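Here are some questions and answers for a reader new to this structure. Each answer works towards the value or name asked for.

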Amino acid sequence: MSIYPNISNNVNPYRDNVQGKANEPITVAGLLDRSKQTLGSEYDGPAPDWTLEEIYNRLEENAPRIAIVGGSSDHPAHIMDFKTSSHAAIRIWQNGGVPFYFSTPVMCDGTAQSNQGMSYSLQSRNAVAQMVVNQMEAHSYHGAFVIQGCDKQPLGVVSAMAHLDRIRQYRGEAPFFATFAPSHVLQGGTIPTALFAELEEVAKKAEKDGAADIADDLRDAMAYILQCSSNTAFQGVLERATERGIITKAAHKDYEKQLAVATCDGSGGVCAFNGTGNSSRHLVAGMGLVHPALELLTQSPNQSQVNKALDSLATMINDPVYGAANIMATNIRNAIRIHSASGGSTNLMMHIVAGMLYGGFKFSLADLDEIHHSHPIPDLFNYSLTEGRDIFSLAMQCCDSESRGMESLFYELLQNGVPMDVEAPTVTGNTWGERLVKTDNLPASNVEDNPVILSTPKRAYSGVDVLTGNFFETAVVKISGMSTWQLDQFDKKVAFVLYFENEELANRNLLDTNLIPRIKENRSFSHENMLALLRQNAPEHYEEWKSDEYDTLFDKMVDQSVLKIAIIISGQGPVAFGMPEMFTSMQHINANRKLKRLATLISDGRYSGVTYGAAVGHMTPEAKDGGGILYLETGDLLHLSLRGGKIEFVDEAALREGKLEFEFESVRNSRAALAEERLAVINKRQKRVAAGNRMIGHTDAANGVVPIAVAEEAELDYRTDIHFPEKKETVITGNNETL
């Protein structure tokens with residue numbers, strides 16, 4: 001029985017131009033035939049009635065034309081798209097709509113790490129948005145069922161949906177609607193028993209050979225579930241073990257192979273760690289764009305689950321309240337707070353801004369930061385890759401009806417006094433308040449065994465913070481990813497700059513087991529400045545150590561983690577090199593027990609996850625645009641005020657006199673020639689990225705890295721230029737509070 005209304009829109013190219021009605025019915029019939037064949041015994045419905053004549057009639061009558069948007073099957077998240085799209089096509093037809101299908105390329109960041117592909121990763125988000133808009137506009141689809149994958153695809157498609165909604169309403173057409181179906185969570189792998197025992201023997205041999213650092217780092221890596229990112233951690237420590245003769249190169253490669261083939265489940269999905277893929281899952285759900293029946297699954301959805309999401313569209317079609325841009329904008333505070341409380345990815349700081357700009361709303365990193373800090377957002381996510389609390393565990397809790405995922409997190413934020421917009425619309429056809437009236441399995445306390453979502457915060461703060469300083473405008477840092485004890489080791493400390501012109505040079509050096517001894521041997525940091533840094537970072541040791549010779553002082557400062565190093569990776573910004581992730585560099589730091597206690601990573605590139613010390617990225621202006629990061633040199637001094645939201649270039653002469661003063665302009669002026677030399681290197685290196693895919697003519701990282709035209713046309717105010725459903729009094733019975 002048809003439940004979808006026809007589209008209330010004067011524009012219908014399928015009525016007024018018969019070419020579409022001549023060639024598109026066969027694509028619809030082909031999709032439905034293949035869907036029924038794919039589902040086999042799982043097909044749930046009457047005998048097929050999708051004749052070419054009936055498809056023609058629906059196109060003529062302006063029945064909802066709904067595109068199922070999948071992803072490329074060379075990404076693990078989309079292995080099961082063929083099944084999910086089949087369920088969706090059948091239900092769209094049963095509901096009176098006309099289903100279509102197309103897929104987008106989906107770049108896997110894990111596969112692209114440390115190769116040229118990372119220069120295209122961020123650009124792929126905008127490319128996906130453009131491709132989706134092109135296809136939707138060319139074929140005049142009214143809405144979408146989106147199979148949400150990983151990496152840049154989710155927010156690329158969100159951006160496209162919001163962009164389509166905005167342009168359609170600008171032209172006076174029906175609002176564009178969309179509902180998202182995140183790919184299920186991929187179960188992490190385990191190290192085979194025999195291999196685990198063999199790696200333990202390697203650790204013991206390392207201890208016997210005096211390489212306790214390798215033994216410790218190897219055991220750290222062995223404690224984690226296997227996921228694609230863990231292979232980089234193993235790579236770093238196994239390469240060091242090979243260099244020191246603890247294992248052979250052949251053994252190293254064999255271990256890599258055994259780990260790799262044991263990592264991923266054959267049914268695919270989004271990796272179980274809380275990286276950009278799952279953070280996007282949480283964020284898009286927080287935007288109100290995901291039906292809870294599809295939010296957190298451990299396998300691809302069945303027909304009943306898909307039906308719930310698609311049936312909900314019946315009340316949304318033709319209503320501007322439920323247009324994709326409006327749902328996103330009305331939920332932007334909810335989304336940012338859920339992203340923060342769930343330990344969200346730093347990558348998404350740009351993607352949130354981009355989505356709002358594509359939706360036509362003026363928005364920047366400053367707006368995001370203002371929402372983030374307008375009310376304290378507690379850390380309510382007890383996620384762990386070593387203690388059985390990964391995202392697969394959360395999905396199991398949801399599938400076992402113990403948790404309701406982001407609805408539970410939304411509820412717990414309310415219980416902790418965070419102002420959430422309960423009147424914001426969602427793709428269920430209800431507001432959050434209406435969804436939370438039913439409290440079955442809603443409180444986090446319902447999960448008794450190893451809960452991922454908490455009711456009592458781990459700590460009072462969460463999320464990604466924005467930094468400013470005297471040599472740059474903005475950068476981002478995830479101090480919530482550091483324990484309080486870790487944070488104390490780096491906050492309000494002075495660090496020496498260790499400068500690298502690009503990621504390749506950084507990775508080569510960070511893998512060198514002799515990096516720290518080489519810094520000492522080369523006298524990369526002056527004796528006078530080491531004493532000044534000692535007095536600032538550890539005044540309790542100053543009198544005792546101040547008379548030591550250089551080598552002795554250096555060793556003591558390293559051993560006691562008093563020496564701090566700001567590892568600068570420059571020339572990685574969007575214009576210079578496509579803004580690749582510094583993930584491999586971070587993993588090399590993490591795999592070095594001694595270095596990680598000294599190092600903070602700072603870059604104009606992106607980063608994913610955290611290092612032991614702070615990881616600072618997205619620095620603007622980037623080096624290619626003459627940002628201050630271009631002028632730094634090894635041996636410079638930076639003051640890290642992480643809790644204070646500042647990184648400052650330190651006046652060296654003043655610090656030697658025991659005074660902490662900040663000044664940078666004279667450095668910029670005195671190093672103009674050096675900057676020109678470095679820009680020439682950046683310009684030459686830039687040519688390694690295909691000219692057609694360079695991110696020239698885009699905004700910077702603080703403004704979403706979107707085409708300038710998109711930013712210029714974003715004129716709406718997200719606080720006022722939005723629509724809410726008709727207000728109803730809603731009682732959330734968890735605490736009997738009327739909202």
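Q: Where is Asp449 found?
A: The model is a predicted one. In it, Asp449 belongs to a negative surface patch together with Asp400, Glu402 and Glu448. Its place in the chain is the loop between helix H20 (432-436) and strand S5 (465-467).

Q: Is Asp449 buried or exposed?
A: A residue is called exposed when its relative accessible area is over 50%. Asp449 has a relative accessibility of 65%, so Asp449 counts as exposed.

Q: How many of the ten residues of helix H19 are buried?
A: Helix H19 covers residues 406-415 and is mostly covered. Among its buried residues are Met406, Phe410, Tyr411 and Leu414. The number of buried residues in H19 is nine.

Q: Is Ser561 buried or exposed?
A: Ser561 sits in the loop between helix H26 (550-559) and strand S8 (565-569). Its phi is positive, near 60°, although Ser561 is a residue other than glycine. The cut-off for buried is under 20% relative accessible area. Ser561 has 17% relative accessibility, and therefore counts as buried.

Q: What is the relative accessible area of Met579?
A: Met579 is in the loop between helix H27 (574-577) and helix H28 (583-590). Met579 is not a glycine, yet its phi is positive, about 60°. Met579 is buried, and its relative accessible area is 0%.

Q: What is the omega of the peptide bond from Thr620 to Pro621?
A: Pro621 lies in the loop between strand S10 (615-620) and strand S11 (637-641). The bond from Thr620 to Pro621 is cis, with omega near -10°.

Note on methods. Residues numbered from 1 in each chain as written. Predicted model: local features only at pLDDT ≥ 70, side-chain atom pairs only at ≥ 80, totals over all residues. Heavy atoms only, no water. Buried < 20%, exposed > 50% of the residue type's maximum accessible area, 1.4 Å probe, protein only. Helix = DSSP H or I, 4+ residues; strand = E, 2+ residues; numbered from the N terminus. Patch = residues over 30% accessible without salt bridge, like charges linked within 9 Å, V, L, I, M, F, W, Y side chains within 5 Å. Areas by Shrake-Rupley, 256 points an atom, 1.4 Å probe, with all protein chains shown as cover. Salt bridge = Lys/Arg side-chain N within 4 Å of Asp/Glu carboxyl O. Lys, Arg positive; Asp, Glu negative; His and termini not counted. Charge placed at Lys NZ, Arg CZ, Asp CG, Glu CD.
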